[in-house]
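This report describes selected features of the structure shown below, moving from strand pairing within the chains to the contact between them.

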Amino acid sequence: MIKETPLTRAFWQDLRLPHCPIYDMHGHLGRYYGIWFPRPSAEEMVRSMDRANVRMLCFASHAALFAPDLGNRTAVQAVRQYPGRLRAYLSVNPNHPEHIRRDLSLLDEHPDAFVGLKLHPEKHQVPATAPAYAPALQVAEERELLVLVHSWGGSRHNGPEQMRTLAARHPGIALILGHSLHGAWDEAVKIARDFAHVYLDLTALLDNDRGVIEKFADAGLADRMLFGTDLPWFSPVAALGCLLSADITDEDRHAVLHGNAEGLLARFPGLP
Amino acid sequence: MRFYDCNAWVGTPANGTLFSPPTAGSLVAAMDEAGVEKALVWHIAQHDYDPLEGNDLLSRAIAGHERLVGVWTMLPTQCGEIGSAEEWTGRLIEAGVQAVRMFPERNRYLPRPEVIGDLLSVLADRRVPLLLSLRRGATWAMAYDLLEAFPALTVVLCDLDVWPADRFFRPLLDRYERVHIETSTYLADAGIEAFVERYGAGRMLFGSGFPECYPGGAMLRVRHAEIGEAGRAAIAAGNIERLLSEVR
């Protein structure tokens with residue numbers, strides 16, 4: 001269940017290992033309609049990050065995703081509160097083009113607050129390939145932003161077909177498949193193999209999907225996997241524990257926990 | 001820290017998996033690797049194929065493995081498949097089995113007092129824990145109805161929704177003192193700490209969800225939960241040992 005290695009031993013004992021920081025590349029912020037969270041605020045999330053040795057969280061606020069009237073300013077506030085620990089994805093809601101224009105202007109107002117865009121085609125009920133996203137994706141390509149897209153097997157909004165099309169259309173974007181096309185693991189592997197700019201986010205793969213991490217690693221994709229937790233949804237300690245009990249090497253664990261994220265974030269001044 | 005896993009299975013599922021299906025022997029080997037002392041185990045055939053033949057398969061599979069304690073799947077008594085409630089429960093205890101699961105939807109019966117009231121009354125009297133899997137057919141409405149009818153039943157809500165389900169389970173914990181939750185897919189950030197603050201550490205049980213879950217998730221969370229050593233030890237092993245010691 002947990003094989004003893006230098007890395008697993010250190011995290012099992014102390015929840016930390018020198019020279020192995022953790023970058024959580026898929027988080028959120030704030031309250032949410034379907035769940036009671038014990039720790040939804042930026043301050044509380046950073047407390048959880050401290051406990052699990054998470055150096056930085058890249059997040060999209062729930063308010064920005066689901067309350068257009070609040071938009072992305074809540075994310076900016078959180079980053080300003082914890083500039084060394086938090087960076088935001090600018091959430092793009094395709095149902096409100098005027099808000100997209102408004103929110104994209106935040107990239108100029110707060111260039112150090114954002115590392116990318118977050119698309120949630122399933123929740124917004126607009127396919128990831130729809131023209132409504134084009135202005136935002138164009139900006140992402142111009143500015144070399146990361147693009148985190150919620151992806152799920154079987155979805156007509158963000159399933160394998162949409163993710164493959166998106167990857168083919170935007171070779172200049174680091175495209176992070178949020179949840180790695182959950183359930184459509186073979187398709188996720190194929191897309192990641194076909195497109196070197198596609199990354200596989202492990203958020204929500206670490207619950208009852210044992211074997212996925214090994215599948216990705218065996219496919220030679222350890223250098224494309226990213227640690228993620230949906231914080232404040234899921235405990236980073238739990239996600240870390242899952243990674244410890246996956247049958248992969250310590251070298252792969254280093255890549256997942258920090259190496260791959262450090263590579264992606266190096267394009268932003270002052271990071272990692 | 002000692003771990004007693006209350007939620008693991010063995011056997012080969014009907015459908016494909018990403019992991020190698022565990023035998024009793026490979027489960028014990030995995031427990032050794034992880035430092036898990038004992039496990040409450042069922043056989044996947046009890047769900048995928050047939051409860052009764054699955055129960056037999058389980059008993060044969062874990063025979064000789066003293067660290068594995070069996071869980072049987074129940075059926076209603078009306079078709080004469082298991083004898084009377086008293087007879088079946090007596091056979092269960094005689095076989096060293098210490099807990100029960102049920103899959104009403106899959107086995108096509110209604111989980112109502114008219115159907116399983118005789119059996120649940122005996123289980124409640126004898127304090128045999130009933131594990132209700134939210135991943136395998138149990139619903140929150142079912143749990144609420146069962147507990148309203150049998151408030152003294154010892155229930156372990158396991159394989160909880162991956163979306164943190166406090167709004168579902170907290171009313172049950174508030175109302176019924178013998179309801180517990182299992183950890184394998186209770187992944188809420190700071191969820192263990194918040195739970196223990198409200199209910200104490202006596203009503204949460206360590207379960208790995210093995211082989212479907214990466215067991216390190218629940219193990220690391222329990223080991224480093226910010227609830228004090230006594231609370232961690234209770235969740236890791238003490239609570240399930242206490243419940244099983246009450247079976248009579």
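The following paragraphs take up chain A, then chain B, and then the interface.

The model is predicted. In chain A, attention falls on strand 6, which spans residues 174–182. Nine of its nine residues are buried, so strand 6 of chain A is largely enclosed by the rest of the structure.

Strand 6 of chain A has a parallel neighbour in strand 5 (residues 146–152) of chain A, to which six bridges join it. Within this pairing, Val147(A) lies opposite Leu175(A) of strand 6.

In chain B, eight strands build an open sheet with parallel pairing, in the order 1-2-3-4-5-6-7-8. Strand 1 and strand 8 (204–205) of chain B are the edge strands, each pairing on one side only. Inside the order, strand 3 (residues 68–73) of chain B runs parallel to strand 4 (residues 99–101) of chain B, with three bridges between them. Trp72(B) stands opposite Val100(B), a residue of strand 4 of chain B.

| Strand pair | Bridges | Direction |
|---|---|---|
| Strand 5 and strand 6, chain A | six bridges | parallel |
| Strand 3 and strand 4, chain B | three bridges | parallel |

The interface can now be considered. The size of an interface is often given as the accessible area lost when the parts come together. Chain B and chain A bury about 3800 Å² between them, and 64% of this area is on carbon and sulfur atoms. The contact involves 37 residues of chain B and 44 residues of chain A.

Between chain B and chain A, 17 residue pairs are in polar contact. One salt bridge is found across the interface: Arg39(A) forms a salt bridge with Glu226(B), with the closest N and O atoms 3.6 Å apart. On the side of chain B that touches chain A, strand 1 (3–10), helix 1 (24–34), helix 8 (166–175), helix 9 (191–199) and helix 10 (215–223) of chain B each supply at least two residues. Helix 10 of chain B gives the largest share of that side, seven residues.

Notes. Residues numbered from 1 in each chain as written. Chains lettered and ligands numbered in written order. Predicted model: local features only at pLDDT ≥ 70, side-chain atom pairs only at ≥ 80, totals over all residues. Heavy atoms only, no water. Buried < 20%, exposed > 50% of the residue type's maximum accessible area, 1.4 Å probe, protein only. Helix = DSSP H or I, 4+ residues; strand = E, 2+ residues; numbered from the N terminus. Pairing = 2+ DSSP bridges. Contact = heavy atoms within 4.5 Å. Buried area = accessible area lost by both parts, 1.4 Å probe. Salt bridge = Lys/Arg side-chain N within 4 Å of Asp/Glu carboxyl O. Polar contact = N/O pair within 3.5 Å; in protein donor to acceptor, adjacent residues only side chain to side chain.
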